[in-house]
Amino acid sequence: MNKPRIFVSHSWKYDDYGNIVRLLGGRKYFDFQESSVPSTNPLSGTNEAIWDAIENKIRWCQVLILTVGVHASYSGSIRREVEFADSLGKPIIAVVPFGAERTSSLKGYATEIVSWRADSIVDAIRRQYK
């Protein structure tokens, strides 16, 4: 079976990206390829060149993972990534943080909404993976 290609939409200000990747990476039965932009490997160039590179990463992915903590609503870059993925018809899995009483309105773009549990996220990726 091919490895699903995922893009984790995130803001460097919050470590949702690292937490999601560590959570998925800790599952020995689940192997994936990931194309996000971690702060340890930032893109460089003009704003336009950076967005072109991000859009290419989203085109390459098969599933976009979005953590829907309230902060996601206030990030223009997360919104742009999600709207772009949506325009391409990419499945979007919204992950609700533990104990979140309020969540981002971006979850309205989600193909599927799951809890912050590795098994829930992996199962959703498998359902949405094409």
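Q: Is Gln-62 buried or exposed?
A: Buried means under 20% relative accessible area, exposed over 50%, and partly exposed in between, with a 1.4 Å probe and protein chains only. Gln-62 has a relative accessible area of 14%, so Gln-62 is buried. This is a predicted model, in which local features need pLDDT of at least 70 and side-chain atom pairs count only at pLDDT 80 or more, whereas totals for chains, interfaces and linings use all residues. Residues are numbered from 1 along each chain as its sequence is written, and side-chain values use heavy atoms, with hydrogens and water left out.

Q: Where is Gln-62 placed, and which residues does Gln-62 touch?
A: Helices (H or I, at least four residues) and strands (E, at least two) are DSSP runs, numbered from the N terminus. Gln-62 lies in the loop between helix H2 (47-60) and strand S3 (63-67). Contact means heavy atoms within 4.5 Å; not counting residues up to four places away in sequence, Gln-62 touches Lys-3, Pro-4, Arg-5, Pro-91, Tyr-129 and Lys-130.

Q: At what angle do H2 and helix H3 pack?
A: Two packed helices are described by the angle between their axes and the distance between the axes. Here H2 and H3 (residues 76-87) pack at about 45°, with their axes 10 Å apart, the axes being lines fitted to C-alpha atoms over the stretch in contact and angles running from 0 to 180 degrees between N-to-C directions.

Q: How many helices and strands does the chain have?
A: The chain has four helices and five strands, which follow the pattern β-α-β-α-β-α-β-β-α along the sequence.
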